[in-house]
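Dear colleague,

Here is the structure I said I would pass on. My notes on what was found in it follow.

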Amino acid sequence: MSAPLSSGIVTRAESGPDGEWAVRHVPGGSSVKDYRCPGCDQLIPAGVGHVVTWPTGEWGGVEDRRHWHLPCWNARGRRRPGVRRPR
């Protein structure tokens with residue numbers, strides 16, 4: 001179960017060429033679901049630490065949260081879009 005966006009978990013603001021983002025680190029022990037990383041399209045298994053991000057401002061909300069491997073998130077500006085697998 002993910003923590004609500006308004007929970008007391010520390011979330012930092014991050015700026016990039018792709019906009020303004022809220023970024024939250026999810027420790028491995030807190031991750032109880034599998035997620036698909038949008039950066040590499042690989043599975044983030046339950047129990048693996050990662051980051052959850054969402055755009056800030058008027059156009060971002062809970063439905064826009066995405067779970068990323070930290071290296072994929074950090075490299076998002078240098079990566080080319082890959083072929084997406086059906087979900």
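Two residues make up the hairpin that joins β1 to β2. Here strands (E, at least two residues) and helices (H or I, at least four) are DSSP runs, numbered from the N terminus. Two strands pair if DSSP finds at least two bridges between them. This is a predicted model, with residues numbered from 1 along each chain as its sequence is written. Local features need pLDDT of at least 70 and side-chain atom pairs count only at pLDDT 80 or more, while totals for chains, interfaces and linings use all residues; side-chain values use heavy atoms, with hydrogens and water left out.

The sheet

β1 and β2 (residues 19–26) are antiparallel and share five bridges. Within this pairing, Glu14 is opposite Trp21 of β2, and Ser15 has Glu20 of β2 as its bridge partner. On to the next strand: β2 is joined to β5 (residues 50–55) by six bridges, and these two strands also run antiparallel. Trp21 has Pro55 as its bridge partner in β5.

Taken as a whole, the sheet is open and has four strands, in the order β1-β2-β5-β6, with antiparallel pairing. β1 (12–16) and β6 (66–68) are at the edges with a single partner strand each, so one side of each has no neighbour in the sheet.

β2 is largely enclosed by the rest of the structure, because six of its eight residues are buried. Buried means under 20% relative accessible area, exposed means over 50%, and partly exposed lies in between (1.4 Å probe, protein chains only).

The salt bridges

How many salt bridges are there? The count comes to three, where a salt bridge is a side-chain nitrogen of Lys or Arg within 4 Å of a carboxyl oxygen of Asp or Glu.

One of them joins Glu14 to Arg12, at 2.8 Å from N to O. Glu14 is buried, at 17% relative accessible area, whereas Arg12 is partly exposed at 34%.

Glu14 also forms a salt bridge with Arg76, at 3.5 Å from N to O. That pair links distant parts of the chain, since Glu14 is in strand β1 and Arg76 is in the segment after α1 (70–74), 62 residues apart. Arg76 and Glu14 are both buried.

Arg76 makes a further salt bridge with Asp18, at 2.7 Å from N to O. Asp18 is in the loop between β1 and β2 and Arg76 is in the segment after α1, so this pair ties together parts 58 residues apart in sequence. The relative accessibility of Arg76 is 19%, which counts as buried, while Asp18 is partly exposed at 35%. Together, Arg12, Glu14, Asp18 and Arg76 are linked in a network of salt bridges.

The aromatic rings

Which aromatic pairs does the structure hold? A search of the whole structure finds two. Rings of Phe, Tyr and Trp (its six-membered ring) pair if their centres lie within 6.5 Å; planes under 30 degrees apart count as stacked, over 60 as edge-to-face and the rest as tilted.

Trp21 and Trp73 have ring centres 5.4 Å apart and planes at 80°, so this pair is edge-to-face. The two residues are 52 apart in the chain, with Trp21 in strand β2 and Trp73 in helix α1. Both count as buried: Trp21 has a relative accessibility of 15%, and Trp73 has 0%.

Trp73 also pairs edge-to-face with Trp68, at 5.2 Å centre to centre and with 70° between the planes. Trp68 is buried as well, at 12% relative accessible area.

Regards
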